[in-house]
Amino acid sequence: MKKRELHDLAIEIFQCYAENQISLDIQWIPQSDLQRADYINRITVDIDDWQITNSCIEYIEKLWGLYAVGCFANCYNKKVEKFFSRFWNPNFSGVDFFVQNVGNENCLVVPPVTMITKATITCTQVGRLGQS
């Protein structure tokens, strides 16, 4: 991508987050701090392997109702019986949330860290972000 395209994409993401009252904390690491940047890049922790707590789910469900489908779960962290996963999982409903037809189902969207922006944009485009 060219600098202008990256700039336009950054503005689009910022506007999406601002319109939907989403906050995101970002840390920029300058190139002059290469040792620290290299160290962070070499950590072998899977940053995409995370989940939200049951108390968080309960709070969100009070706001938006019970969820019918989990969109980025696996058999270990699913919060809803029907769930889509990144890969094959026992008892899953399908692979890749981005190609699923969820209709009007209330979706629990807890994407991997590396897919938060794509998931936010997708949900916004189909009019599913923050609806009850």
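How many cavities of 30 Å³ or more does the count come to? I looked this up first. The count comes to one. I note that the model is predicted.

**Entry: the fold**

I went through the elements of the protein. I found four helices and four strands. From the N terminus, the order reads α-α-α-β-β-β-β-α. I then turned to contacts between residues at least 6 apart in sequence. Of these, 52% join residues at least 24 apart.

I checked burial next. The protein has 132 residues, and 25% of them count as buried.

**Entry: the cavity**

I went back to the empty space. Rolling a probe the size of a water molecule over the atoms shows where such space is left. The largest cavity has a volume of about 130 Å³. I counted 13 residues in its lining. Nearest the centre of this cavity lie F72, A73, N77, K79 and V110. I sorted the lining by class: eight residues are nonpolar, three polar and two charged.

Which residues are the closest to the centre of the second largest pocket? I looked up the volume before the residues. This pocket holds about 210 Å³ of space. Its lining has 15 residues, and D48, D49, F72, N74 and R86 are the closest to its centre. By class, I noted seven nonpolar, four polar and four charged residues in the lining of this pocket.

Methods. Residues numbered from 1 in each chain as written. Predicted model: local features only at pLDDT ≥ 70, side-chain atom pairs only at ≥ 80, totals over all residues. Heavy atoms only, no water. 1 Å grid on protein atoms, 1.4 Å probe; cavity = no way out; pocket = protein on both sides within 12 Å on 5 of 7 lines; lining within 4 Å. Points joined across faces, edges and corners; volume = space filled by probe spheres on them. Nonpolar A, V, L, I, M, F, W, Y, C, P; charged D, E, K, R; others polar. Helix = DSSP H or I, 4+ residues; strand = E, 2+ residues; numbered from the N terminus. Buried < 20%, exposed > 50% of the residue type's maximum accessible area, 1.4 Å probe, protein only. Contact = heavy atoms within 4.5 Å.
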